[in-house]
Structures are given as structure tokens and as C-alpha cells.
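Hello,

Here is the structure to look at, followed by my notes on it.

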Amino acid sequence: MTAPSATLPERLIQLQILAGASVGTRVAVSRFPFSIGRAEAAHLRLADAGVWDHHLELELRGDGVEARVLSPALATLNGEPLATARLRNGDTLQLGSATLRFWLAQAIQRDQVARERLIWGFLGALIAAQLAVIVWLAR
């Protein structure tokens, strides 16, 4: 029995490929567990030398993302051997000849024009009401 996959809203995590056949590619991660490897079933398929079918898996644990090496594959995190580790923004993962950077994705700015107009309109009405009270009291 497999555990249900966890979902992050609006793709908060991204992986940027720094070296390898797909250099420059950015992959948004929104579902966990997220698998990386050569296999057809992998969420991120890498065909680089030294990448195994099921090389690495990212899991959502508590308040962070954890990387776990699968099979007897070799991987490093910031140049150190990796078995299991919690990832931080900017960490570099080396999987065979592929290098990936773990990032928090850019925040999406929502359009606030209507809300700003409503607030400015309310402030204008408040100032007009205050001026009307001042004129009324001055009589």
C-alpha cells in the first residue's frame, strides 16, 4: 500500500539543471514523492552518464523537503556524499554527470488593482466626509 502523495500549492519548489544534457532547464515540483532518474516512471528523467533508473527521490517531511538516494546510486549534496538529507534553498545535487540546484520557486504576484482602487476610493470618501464635518462645524 502506498501513501498518498503530498501536494504543495502553486509549485513552491523548483529544480534547475546546472550541468548535463538538459542544462538550463527548470522543473517545477508540486507533487511528492518526486522521483529523479532514467526510468520512464521518473518525474524528472535524466539521460546523463552515471544516472540510474531510480536515482533519487524527494519527499515532503514535516516542514521541509528531504532527498533520499535510491538503489546503490551515488549522489552528493553540496559536494558531500548523500544518503538522506533535508534540502535547503540553493543546495546543489550531483547525480552522475548531472548537477541540479534546489530552489524555492519565485512567488507569483497577484493583480491588486481593484483592491487598491477600492482603498483609495474609501480614503477619498473619508477625507471628503471629514472636510464636510469641518465646514458644517465652522458655520
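A patch is made of residues with over 30% relative accessible area and no salt bridge, with nonpolar side chains (Val, Leu, Ile, Met, Phe, Trp, Tyr) joined within 5 Å. A salt bridge is a side-chain nitrogen of Lys or Arg within 4 Å of a carboxyl oxygen of Asp or Glu, and accessible areas are Shrake-Rupley values with a 1.4 Å probe, only the protein chains shown counting as cover for residues.

The model is predicted: local features need pLDDT of at least 70 and side-chain atom pairs pLDDT 80 or more, while totals for chains, interfaces and linings use all residues. Residues are numbered from 1 along each chain, and side-chain values use heavy atoms, without hydrogens or water.

One nonpolar surface patch consists of Ile 119, Trp 120, Phe 122, Leu 123 and Leu 126, with about 550 Å² of accessible area together. Ile 119 belongs to helix 1, residues 113-138 (a DSSP run of H or I, at least four residues; strands are E runs of at least two, and both are numbered from the N terminus). At 46% relative accessible area Ile 119 is partly exposed (buried is under 20%, exposed over 50%, partly exposed in between).

Six strands form an open sheet in the order 3-2-13-12-9-10, paired antiparallel (pairing takes at least two DSSP bridges). Strand 3 (26-29) and strand 10 (80-81) are at the edges with a single partner strand each, so one side of each has no neighbour in the sheet. Strand 2 is joined to strand 13 (residues 98-104) by six bridges; Leu 15 has Phe 102 as its bridge partner in strand 13.

Gln 14, in strand 2 (residues 13-19), is buried at 14% relative accessibility.

Regards

Definitions and conventions:
Buried < 20%, exposed > 50% of the residue type's maximum accessible area, 1.4 Å probe, protein only. Patch = residues over 30% accessible without salt bridge, like charges linked within 9 Å, V, L, I, M, F, W, Y side chains within 5 Å.
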